Amino acid sequence: MTCRSNGCEPDGCLEGRCAAGRAARQGRCSRMSQLRPLLEAMVANGFEIEEILLQQPTRGDARIALARQVAMYLAHVACGLSKTEAGQLFGRDRSTVHHACVVIEERRDDEGFNRALDHLERIIRIVVGPAVPEATCLA
């Protein structure tokens, strides 16, 4: 069954134009509110920095900026959020998430960085659950 107003599947309707879509959106919003602390804790641990540094409104030093970019990348790729949703999650614009994705994809050429990122992605997918679709950063 599809939503009459925009032709989407009820389970995938996040526009809120139908009852099923509103219910799905509420569930997704609830999950998103729990996602940021999880991502920040995991990334802060991996980068050996304090979580509070990832929450700063300013860029911070290069290591903090990279850690925040990794968190945004993981929100998009590992958790399946759109770039807009990932930006909202971290109080940033979708173009900032796009830039983060480009930076992280370029850094994945480094074998150690790539291995660490793969490890974080696997853990996040296990914790968040299999229902979260995979996304691609370059799409």
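The model is predicted.

Colleague: What makes the pair glutamate 40 and arginine 36 a salt bridge?

Modeller: Their side chains come to 2.6 Å, N to O. The cut-off is 4 Å between a side-chain nitrogen of Lys or Arg and a carboxyl oxygen of Asp or Glu, so the pair qualifies. Both residues lie in helix H1, which covers residues 19-47. They are four residues apart, about one turn of the helix.

Colleague: Why is glutamate 40 called buried?

Modeller: Its relative accessibility is 3%. Buried means under 20%, so glutamate 40 counts as buried.

Colleague: How do you know that arginine 115 and glutamate 111 form a salt bridge?

Modeller: The closest N and O atoms are 3.3 Å apart. The limit is 4 Å, so the pair counts. Both sit in helix H6, residues 111-128, four residues apart.

Colleague: Why does the pair arginine 125 and glutamate 121 count as a salt bridge?

Modeller: The closest N and O atoms are 3.5 Å apart. That is within 4 Å, so the term applies. About one helical turn separates the two, because they are four residues apart in helix H6.

Colleague: Why is arginine 125 called partly exposed?

Modeller: Its relative accessibility is 24%. Buried needs under 20% and exposed needs over 50%, so arginine 125 falls in between.

Colleague: And what makes glutamate 121 buried?

Modeller: Glutamate 121 has a relative accessible area of 7%. The threshold is under 20%, so it is buried.

Colleague: Which residues are linked in a network of salt bridges?

Modeller: Arg108, Asp118, Glu121 and Arg125. The structure holds five salt bridges.

Colleague: Why is isoleucine 126 called exposed?

Modeller: Isoleucine 126 lies in helix H6. Its relative accessibility is 68%. Exposed means over 50%, so the label holds.

Colleague: How far is its C-alpha atom from that of alanine 78?

Modeller: The two C-alpha atoms are separated by 9.9 Å, while isoleucine 126 and alanine 78 are 48 residues apart along the chain.

Colleague: What share of the contacts with a separation of 6 or more joins residues 24 or more positions apart?

Modeller: The share is 52%.

Key:
Residues numbered from 1 in each chain as written. Predicted model: local features only at pLDDT ≥ 70, side-chain atom pairs only at ≥ 80, totals over all residues. Heavy atoms only, no water. Buried < 20%, exposed > 50% of the residue type's maximum accessible area, 1.4 Å probe, protein only. Contact = heavy atoms within 4.5 Å.
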